[in-house]
Every structure is written in C-alpha cells, then in structure tokens.
Amino acid sequence: KNVRIACKDCNNISICSFCTASEQHRGHIFVQISTVYKVQKETIEKDTEELVNTLSPTYEEIARDLENQLANLDGGYEKLTSAMSKQGEQWHREIDIVINKMKTEISEIKVKHRDILQKHLNEIKQIQSLIKQTLRAINEIEKSTEVSPTIAYSSKIREFSKLPPKLQVSLPTFIPKPIDREELYSLYGHITPLSTATKENVYSLIQSKTSVREVLDEPEIVTTIQTGYETLRNVTCLNDGSIWTSGKTNNIKCFNMKGSLLQTVKQKSGKFPNDIAVDSDGDLLYTNGTSRTVNKVIKNGQSEELIRLQGWKPYNLCVTSTGLLLVTMFSVDETQCKVVRYSGSTEKQAIQFDDEGKPLYSGNKKIKYITENRNHDICVADCCAGAVVVVNQDGKLRWRYTGHPSGTKNKLFKPYGITTDSQSRILTADSYNHCIHILDQNGQFLRYIDNCGLKDPYDLCVDNNDNLFVCEYSTGNVKKIKYLK
C-alpha cells in the first residue's frame, strides 16, 4: 500500500487510503505526508536554531551565575564570621567599660568608708586623750597634801562611762547575675536560616542572534481565505500552516492555506466565543463570557472546562512562551478590568493597577486583545482607552501608545487585535482607519500597513515564518500578508 496520508487527530500517524474510511478515524482531519514532513523539517530547523542561539546560551548564563555564587561562597561566610568577631570585640569593649565603671564606684565607696571610720576613730582618740589628762590630774591630787584641789575635783567617770555606739560599716557586695546562655545568644545577635526559595521569571531567554528582518516597503497579500462568517472576530495560527477562526456564531472553523475547511467545533452553550488561541500542544482554547469559562477542545471536537471565574467574565486570551495563559477579564458590574496569568487552572498573577494605584486598563466590558512579546512584555490593545498598554512580566507599566503623533489618519485610534513577531515588533489593528500600526518593543512607531486594501481589520496573528494574518470584521475574510524582507 502506498502511504501518503497522515491523521492529524492521531498525532500525525501514517495511514493508508483504506484507513481513512475506518471507524477509528471517522471525523478526523487528514493531511499529506509531504506536508507533515515539511512542517516537521521546519520545526527541527527552528528547534536547532532555538537550542543553539537561545536555550544553550541561556543555560550557560544560568550555570555561570551558579558558578559565581559558589566562587563567592567562602568570601560571603568569611564576612559573616568577621561580623560576628567584630560584635564580640564590641561586646568585650562594652564589658570592660562596665567593669571599669564598677571599679570606679568601688573606689569612691572605699574613700567614703575610710572617711567614716577615720572620723569615728578621731572622736575615740579625743576621748582617750581626755581620759589620760584626767588620770594625770588625779595622780597629782593624790600626791599633793593640799586641801583645795581635792575639794575642787569633779568626777568624769559618768561622762566617760557613756560609751559611743559601736560603729560597723559593712563592705559593699558585688552580686553577679547568673549568665543565661540562651538570653546571651539572643542578645548577641541573630543568624537568619538558610533560604533556598526559588523565584520564577528571574531568568530571561537570551534573544537569538538572528539577522534583523526589515519591513518591506510595500507589504503584499499572499492569499485571501473566505471563512463564510458574516462578521469575523478572531484568528489564530497553528504550526502546520492552518488557522482557526471564529465570528458571531457558535462555530469555530479551521482552514488550510488553500481556503479548505478542515474542521468545525461547536460551543455547547450556543453563544459565540469571545476569543480563541492555540496552546503549546496545538490544542484549541476559547473563552465563553456567558458561562465565565476558559475551555479547551480535545479529541473529536469535545470541550473541557479549564477555568471558571467568579465575579469576573473572561474576554481575550493568549498563550505565553512558557505555556501559561494570559486572560483579560472584566468584573460583572463592568467597572473593572485586569489581566490574570494562569498555570493550568491556578491563578499565578493579577495585573490591574500601576505603581500609583491607578487602573492600567479601562473599566468596561469592551474587548482587550492581548499578546506576549519575546522579551516577556504583556501587550494589551485597550480599544476603549485608545491605547496599547504594555507592562513587563512583573506587571510594571513600561509604556502606552495612543496612536501616531502626526495624526495622519482621519479617525481616532482604537486598537483591536494585537500580535508580535520574531523581531519583537508589535502589530496592532486600527479598525476604524483600516490599517495596521507597527511598533518597536519600546513603543516607537515604525510604519503603517495600509496598502493591502484592508477593510475593518479586527484580530491579528503571526506564524512561525512571520507571515501576518488579518481577519476583516465586515467581509469575513482572512488575509495572509508578507510584510518582512
């Protein structure tokens, strides 16, 4: 059997023409083996370029960072022990000061003690002297035969018998406080525990050193795909060259570049999807404002719920380079808007206010298409505010673009779809003026795409080869445009 067909729904396994009619492959999408081969070869080429120019240098940078940390480890701990030694020296100095102060106090007390004892001793010696004088006088009287000294004698015994109180001055006492080692340890200082926490989004991929692709002087239409929608709202690209589209119906359609319809997915609710995207596995995602859910299309066109919101309604979404989801949403009272980053169904980050506490986005239920740039900036087209709002991956405002300052277009700037290319350029749809604005990653205007007969450009996407796809709201067409050299 001559195998020339692959089944897209079965991970591109090769099948024969008889198998296409089997029950196992009923309703599946089939593609030519040559197409799969070409796409895989392109993927391998791009993966090689990404590994060589981006991933390997990034991991080399991470390894250098860890090696530098290891090299600085001994020095860091030496600084710690040095700081502890300095604290010890300071403690010794303070203890010496305390001891010397106490010794000074002891010396002063000793002087006072000596003065008290000396004063009392002087008083006693003065009494002793009086007693000796009295004894000498008595001796002279006893030896004398004269009558008058004997008659004049006055006894001092009662006076001397009044003994002074015994003076007992106690020495001061030093009462040392018991040393509590635990308290001493806490007073001496504190050693913080070793922290091994990891921080997400610190490292950034080193940008590939590929040649700069300049914008064509005259962008050109490669092909036009008629989707059959009366009003076309969304378009997103797949790696195999096909596109998903959606409008104001509950059908989501997949087309190849020849305009052939490959697959149709119907929403359960019957309400048209707010936005669509494709994840890193190539699976279709869509938001449903009525059920407040983000959903994933799995095998055979069946949907499963990924995220269900409370108090908020999801609108637009995109998939980041790391496979996470960014979703714009508005509150049910239509007064607030924010961007939320999800890993699976888990909220990882919410972006709503700037550093001054002011809202980053207009508070209403109007669409706010979103995309991630290659430098991880988050770009939102806030049509109601007439601005492209760009924040970094931490949610800090970088810049706002409110249209070309020259005002060369007739109508106000109201950005709708937004996407980025391999050069980190930002492209946004100016539906009212029927053109595309191209900006650099810092918000500087580069040029318009206004020569391709665009009619109400709404949503945008760029494929791996930097081909631009523009869906036209009122015509229902998707235009594939080559705009880079």
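Modeller: Tyr432 is partly exposed, with a relative accessible area of 40%. Buried means under 20% relative accessible area, exposed over 50%, and partly exposed in between (1.4 Å probe, protein chains only). The model is predicted: local features need pLDDT of at least 70 and side-chain atom pairs 80 or more, while totals for chains, interfaces and linings use all residues. Residues are numbered from 1 along each chain as its sequence is written, and side-chain values use heavy atoms, without hydrogens and water.

Now the rings. A search of the whole structure finds eight aromatic pairs. Rings of Phe, Tyr and Trp (its six-membered ring) pair if their centres lie within 6.5 Å; planes under 30 degrees apart are stacked, over 60 edge-to-face, and the rest tilted. Tyr416 and Tyr432 have ring centres 6.2 Å apart and planes at 55 degrees, so this pair is tilted. The pair links distant parts of the chain, 16 residues apart. Tyr416 is in strand β21 (residues 415–420), while Tyr432 is in the loop between β22 (426–430) and β23 (435–439). Helices (H or I, at least four residues) and strands (E, at least two) are DSSP runs, numbered from the N terminus.

Tyr416 is buried, at 11% relative accessible area. Tyr416 also pairs with Tyr458: the centres are 4.8 Å apart and the planes at 40 degrees, so this pair is tilted. Tyr458 lies in strand β25 (residues 457–462) and Tyr416 in β21, so the pair ties together parts that are 42 residues apart in sequence. Both Tyr416 and Tyr458 are buried. Now step back. Ring pairs link Tyr369, Tyr416, Tyr432, Tyr458 and Tyr473 into a cluster.

Rings can also sit under a charge. The test is NZ of Lys or CZ of Arg within 6 Å of the ring centre and within 35 degrees of the ring normal. Lys409 lies over the face of Tyr448, at 4.5 Å from the ring centre. Lys338 does this over Trp312, at 4.2 Å from the ring centre.

Next, some loops. Asn410 sits in the loop between β20 (397–401) and β21. Asn410 is exposed, with a relative accessible area of 78%. From the C-alpha atom of Asn410 to that of Tyr185 is 75 Å, and the two are 225 residues apart along the chain. Ser424 is found in the loop between β21 and β22. Ser424 has a phi near 65 degrees, a positive value in a residue other than glycine. At 6% relative accessibility, Ser424 counts as buried. His376, in the loop between β17 (368–372) and β18 (378–382), has a positive phi near 75 degrees. His376 is buried, at 9% relative accessible area.

Now a sheet. Four strands form an open sheet in the order β9-β10-β11-β12, with antiparallel pairing. Two strands pair if DSSP finds at least two bridges between them. β9 (275–278) and β12 (303–308) stand at the edges with a single partner strand each, so one side of each is left without a neighbour in the sheet. On average, neighbouring strands of this sheet are turned by 25 degrees against each other, direction ignored. Axes are lines fitted to C-alpha atoms (for helices, over the stretch in contact), and angles run from 0 to 180 degrees between N-to-C directions.

Take the sheet pair by pair. β9 and β10 (residues 284–288) share four antiparallel bridges. Asp275 has Thr287 as its bridge partner in β10. β9 and β10 form a hairpin with five residues between them, and Gly282 in the turn has a positive phi of about 85 degrees. β11 (residues 293–297) and β12 pair antiparallel over five bridges. Lys296 has Glu304 as its bridge partner in β12.

In a regular strand the side chains alternate between the two faces of the sheet. Both faces of β9 are covered: Asp275 and Ala277 on one side, Ile276 and Val278 on the other, are all buried.

Last, helix α5 (residues 181–188). Of its eight residues the number buried is zero, so α5 lies largely in the open. Asp180 caps the N-terminal end of α5, with a side-chain oxygen 3.1 Å from the backbone nitrogen of Glu182.

How values were computed: Polar contact = N/O pair within 3.5 Å; in protein donor to acceptor, adjacent residues only side chain to side chain.
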